[in-house]
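Please keep the sequence and the model at hand while reading.

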Amino acid sequence: IKYDKEEEIVLRYSKILDETIKNIVPSSRERMVEKEKEMNSLLKTPKGLGKLEELAIQLEGIKKDYRPEKKIVIVMAADNGVEREKVSKSKRIITQYVVEAMLQGKSSVNALGKTFGADIEVVDLGIDETTDLEGKINLAGIINRKLMQTGTHNIAEVPAMDYITAVKAIETGIEIADVFAEKGYNLFATGEMGIGNTTTSSAVLKVLTDLSLDDITGYGSGIDEKTLEHKKNVIQRAIDVNNGKEGIDTSDIIDVLSKVGGLDIAGMAGIYLGCAKNSIPAVIDGFISSVAALCAYRLCENVKDYMIPSHMSEEPGMKYIIEELGMKPFLFMNMKLGEGTGAVMMFPVIEAACNITRTVRKYPEVW
């Protein structure tokens, strides 16, 4: 039997993804109904705790008597070739600086993780270490799953990556979720780091929804109006370039990610899928994280049952994703940092939701 070498690689690396999707089942509606009845029996105004009660019901559907025991933020890190188009206020070396700070416990997400009792892990899917300044940056302690040595290609010129690499990035996220689930972590949050990733995220969202770039493209790292217009033009050019001979197959999320996406987005999509397979809730962070959530949802609708929104990012495209997913963010903090900083702030809210029926007295039966 003769095998096409590239086809064989695709088949080998799609097995994990295929099996994961098959093993993601809807959360238990029966347990959710029982939890709602229990909520209504407590000594309080019916639905008086609003979205907190809805969250408790969702968590019960995920797992009976769910309670977070070990919490973790998984940060997917990779550089993006489109950064070379000067779409960001920051240069790509900042990816390494921020990741180094994360690994040393000195970034924003570390500060919040420490506050809320969560561990932080960083996965290298494609950090461009060739921009290291004479070895002064230390990335010791990172989880090395590098798929592209210098990050993705420039989407304004060519596809971000090949199809196989996009599959590998998703499956890496699944495998990382499996690893930490086996270590007892049962509450995850997604985070990312990679200069230029609001550009790739807007490009993916544009392809999937055909919304106006004026509506979904934001200021990212703090660019000015002139750079914002340039950013929109770069995104449109990227879509036009990749819509060439073969076009972008909008029905195939992996094709979309491979053409105009990023390794970090694909990796986070894998985290959502892996968590769902393991019946573990995963908290969505901001815009880039929500684009990854949308990609995971388009791959497997059941994954939505295991996703929990956190905050409404200042990036304008996020509200459209949240609407499609049928979710309502809990926090409105004017945040736009990423890294998982908004997601980790949901951890105490989740713990509070789990404590309602454990603590609140029931109505006396005589009433």
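Predicted model: local features only at pLDDT ≥ 70, side-chain atom pairs only at ≥ 80, totals over all residues.

## Helix α13 and its packing

Helix α13 itself covers residues 318–325, and its buried residues are M318, I321, I322 and L325. Viewed down the axis of α13, these buried residues lie within an arc of 100°, so they line one face of the helix. The residue that follows α13 is G326, and its phi is positive, near 70°.

## The parallel sheet

As a general point, strands of a sheet pair through backbone hydrogen bonds, in either a parallel or an antiparallel arrangement.

Strand β4, made up of residues 187–193, pairs with β5 (residues 282–283) in the parallel sense over two bridges; within this pairing F188 stands opposite A282, while A189 stands opposite V283. Strand β4 also runs parallel to β1, to which seven bridges join it, and here V75 is the residue that stands opposite G191 of β4.

## Strand β4 and its two faces

Is β4 mostly covered or mostly open? Seven of its seven residues are buried, and the strand is thus described as mostly covered. In a regular strand the side chains alternate between the two faces of the sheet. For β4, one side carries L187, A189, G191 and M193 and the other carries F188, T190 and E192, and with all of these residues buried, both faces of the strand are covered.

The residues V109, N110 and G113 are buried in α5. Seen down the axis of α5, its buried residues fall within an arc of 100°, so they line one face of this helix.

The partners of these buried residues are β1, α4 (93–103), β2 and α14 (341–344), against which they pack. On the face of α5 turned away from its buried side are the exposed residues K114 and T115. Just after α5 comes G117, which takes a positive phi of about 70°.

## Helix α15

Helix α15 consists of the 13 residues 347–359, which should span 18 Å at 1.5 Å a residue; the C-alpha atoms at its ends are 18 Å apart, in agreement with that expectation. Its buried residues are F347, I350, A353, C354, I356 and T357.

The relative accessibility of S279 is 28%, a value between the limits of 20% and 50%, so S279 counts as partly exposed.

## The chain as a whole

The secondary structure of the protein chain comes to 15 helices and six strands. Along its principal axes the C-alpha trace spans about 75 × 55 × 40 Å. For a chain of 367 residues, a compact globule would have a radius of gyration near 21 Å, and the value computed for the protein chain, 21 Å, agrees with this.

Of the 367 residues in the protein chain, 57% are buried. Among contacts with a separation of 6 or more, 76% are accounted for by residues 24 or more positions apart.

How values were computed:
Residues numbered from 1 in each chain as written. Heavy atoms only, no water. Pairing = 2+ DSSP bridges. Helix = DSSP H or I, 4+ residues; strand = E, 2+ residues; numbered from the N terminus. Expected span 1.5 Å × (residues − 1). Buried < 20%, exposed > 50% of the residue type's maximum accessible area, 1.4 Å probe, protein only. Arc of directions from axis to C-beta. Rg over C-alpha atoms; globule rule 2.2 N^0.38 Å. Contact = heavy atoms within 4.5 Å.
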